[in-house]
Amino acid sequence: MTITVDEIFETASMTLHHNFDIRAVTLGINLKDCINTNFDLFLKNVYEKIVKNANLLVKNAKELESKYGIPIVNKRISVTPVSLLAEQYPTKENYLKMAETLDKAAADAEIDFIGGFGALVQKGMTKADEALIDSLPDALSRTKRVCSFLNIASTVSGMNMNAAIKLGAIIREIAAKSENGVGCAKLVVFANAPEDNPFMAGAFHGIGEPDFSLNIGISGPGVVRSIVEDNKKCDLTQLSEVIKRTAFKITRAGELIGRELAGKMKVPFGIVDISLASTTAVGDSVAKIVEAMGIERIGAHGSTAALALLIDAVKKGGAMASGNVGGLSGTFIPVSEDLGMIEAVKSKALSLDKLEALTAVCSVGLDMFAIPGDTPAETISAIIADELSIGVVNNKTTAVRVIPVPGRKAGDYVKFGGLLGEAPVMDVNKFSSKDFIMRGGRMPNPITSLRN
C-alpha cells in the first residue's frame with residue numbers, strides 16, 4: 001500500500017491535536033491448561049503463564065508506540081472465565097485466592113487491568129458460579145486490577161432473573177466495601193456478551209477462542225468531533241459519509257498496528273473493536289460529537305437519532321477498513337468518563353431514563369453512572385433488567401456498570417479518579433418494582449420468527 005505525505009500529516013494531526021490513540025491492546029489467554037488437582041500448583045501455573053505473556057505484550061507494545069508515534073494507552077490481559085477454571089474448587093475463599101493471584105500477576109507484569117473474573121449464567125448458576133459471585137465484594141475491593149463480568153442474559157436463552165436479584169444486593173455490598181463505591185466500576189453485567197471484547201471491565205477470553213488472541217480497541221472521538229465541526233453545512237447523508245471516511249482511516253491505522261503487534265508476539269490477531277471510547281480529556285467526548293451535529297446538549301430530543309447516525313457511520317467505515325471488526329464496536333457513553341455527558345447531567349439535559357433510551361442505539365449500554373447510595377437492591381436489579389431487555393429483544397450486546405455511591409444523594413458530585421473520572425449522582429425513579437423483580441425465575445427468550 002502506498003502512503004502519501006498528506007496521509008502521514010493527517011495521522012500526525014489526529015494524534016497531536018485530537019487525542020487519536022490505540023485505546024487498548026488486550027491479549028486473551030486460555031488458562032484451561034493451568035488447571036491442576038493441587039490448588040496451589042494451579043495458582044502457580046496461572047501466575048507464571050500470565051506474567052510470561054504479559055511481559056511480552058508490554059515490551060512489544062512499547063516498541064510499536066515508539067516506531068509509529070501513536071500512543072497505545074492500555075495494555076491489558078483477558079483470561080478464560082474464572083468460574084469455569086475453578087469449578088472443582090467452588091468456595092468463596094478459593095475464588096478470593098484466584099483474584100489475588102490474577103492481581104499480583106497483572107501488577108508484576110505492569111498490566112493495568114486483567115479481565116475474566118466472571119461467569120456465563122444466562123440460563124442458571126452452578127455452585128461454582130454462585131461462589132464466584134459471592135466472592136465479588138471482597139475480590140473487587142481487595143484487588144486493584146481485577147475486573148469482573150457476568151453474562152446473565154442472551155437472546156437465545158432469555159434472562160436469568162435470579163442472577164439479577166442476586167446482583168442487586170452484591171453491587172450494594174461492593175459499593176459499601178470500596179471508597180465512593182468505585183469497586184463497582186470493575187463489574188459489568190451483560191446481555192449477549194462478546195467473547196473477544198478488548199475493553200475493560202468486561203473483557204474475557206471466550207471459550208470459543210484459541211490459546212491466545214490479540215484484540216485491539218481503537219478510539220478517536222476527538223478526531224470525529226473535529227470532522228463534524230468542519231462540516232456544519234452539509235446534510236445528514238453527507239455528514240454520514242464524512243464520518244464513515246474518518247472511521248475508515250482510524251480503523252485502518254488500528255488494524256495495521258494490531259496485526260504487527262500480533263506478528264511480533266507470534267499470536268493470532270483477533271479483532272478490531274471500533275467503539276468510540278471517550279475519556280475525560282478535553283475534546284475526547286462522544287457527547288460533544290452529538291452536540292457538534294446540532295444538538296444543543298446531549299439528552300435533548302433528537303439525541304437518539306444523532307447517536308444512531310453516528311454509530312451507523314462508524315460501523316460502516318470500520319467494516320470497510322477491516323474484515324475483523326468485532327468486540328463491542330459501538331459507542332461508549334459513560335457518564336463519569338465523558339466531560340460532555342457530565343455537563344449534560346449537571347444541566348439536567350440528561351436523565352437516567354434518556355440515558356437508557358440512548359443505549360438502545362449505542363450498542364454498549366448504561367456505563368459508569370452514579371446513583372444514590374440508598375437505592376434499594378431490587379431497584380438496582382430492575383435497572384439491570386430494563387437495560388438487558390433492550391439487548392435480549394433486539395439481539396445486541398448491552399451492559400450495565402452502575403455505582404451506588406454510599407452516603408450520597410441525587411445531585412451530589414463524586415470523584416473516582418484517573419480514567420474513571422467523576423460524576424453527578426443521578427436520580428432514580430422512586431416507585432417500586434420490587435414485586436415484579438422478586439418473582440425471579442428466567443425471563444423467556446424472545447420469539448425470533450414472525451418479525452415484521
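## Before you start

Because the model is predicted, local features need a pLDDT of at least 70 and side-chain atom pairs count only at pLDDT 80 or more, while totals for chains, interfaces and linings use all residues. Residues are numbered from 1 along each chain as its sequence is written, and side-chain values use heavy atoms, with hydrogens and water left out.

## The nonpolar core

The largest nonpolar core has 149 residues. Such a core is a set of buried Ala, Val, Leu, Ile, Met, Phe, Trp, Tyr and Cys residues joined through side-chain atoms within 4.5 Å. Here buried means under 20% relative accessible area, exposed means over 50%, and partly exposed lies in between, using a 1.4 Å probe and protein chains only. The residues with the most contacts inside the core are F117, L136, I152, I243, L310, L355 and F369. Helix α2 (residues 39-68) gives the most to this core, with 11 residues. Helices (H or I, at least four residues) and strands (E, at least two) are DSSP runs, numbered from the N terminus.

Leaving aside residues up to four places away in sequence, L355 touches I333, V335, M341, L350, L366, F369 and M426. Contact means heavy atoms within 4.5 Å.

## Helices α4 and α5

Two packed helices are described by the angle between their axes and the distance between the axes. For helix α4 (residues 92-108) and helix α5 (residues 127-142), the axes come within 8 Å and cross at roughly 50 degrees. That makes α4 oblique to α5. Axes are lines fitted to C-alpha atoms, for helices over the stretch in contact, and angles run from 0 to 180 degrees between N-to-C directions. Angles under 35 degrees count as roughly parallel, over 145 as roughly antiparallel, 65 to 115 as roughly perpendicular and the rest as oblique.

On the α4 side, K92, Y95, L96, A99 and E100 meet A128, A131, L132, D134, S135, D138, A139 and R142 of α5. By class, this contact of α4 with α5 has seven nonpolar, one polar and five charged residues. Ala, Val, Leu, Ile, Met, Phe, Trp, Tyr, Cys and Pro count as nonpolar, Asp, Glu, Lys and Arg as charged, and the others, Gly among them, as polar.

Have a look at R142 in helix α5. R142 is exposed, with a relative accessible area of 51%, and touches L96 and E100, not counting residues up to four places away in sequence.

## Helices α10 and α12

Helix α10 (residues 303-321) and helix α12 (residues 352-362) have axes that come within 9 Å and cross at roughly 25 degrees. The two helices are therefore roughly parallel to each other. Their crossing is right-handed.

In α10, S303, T304, L307, A308 and I311 meet K354, A357, L358, V361 and C362 in α12. The residues of this contact divide into seven nonpolar, two polar and one charged.

Most residues other than glycine have a negative phi, and most peptide bonds are trans. The peptide bond from M200 to A201, however, is cis, with omega near 20 degrees. A201 sits in the loop between β7 (187-191) and β8 (212-219).

K266 has a positive phi, near 60 degrees, without being a glycine. This residue lies in the loop between α8 (236-265) and β9 (269-273) and is exposed, with a relative accessible area of 75%. N395 is not a glycine either, and has a positive phi of about 55 degrees. N395 belongs to the loop between α13 (377-394) and β11 (398-405) and counts as exposed at 52% relative accessibility.

## Two exposed lysines

K348 is in the loop between α11 (339-346) and α12. At 75% relative accessibility, K348 counts as exposed.

K415 is found in strand β12 (residues 413-415) and is exposed, with a relative accessible area of 59%. Not counting residues up to four places away in sequence, K415 touches N180, G421 and E422.

Key: Left-handed = near helix turned anticlockwise from the far one by under 90°.
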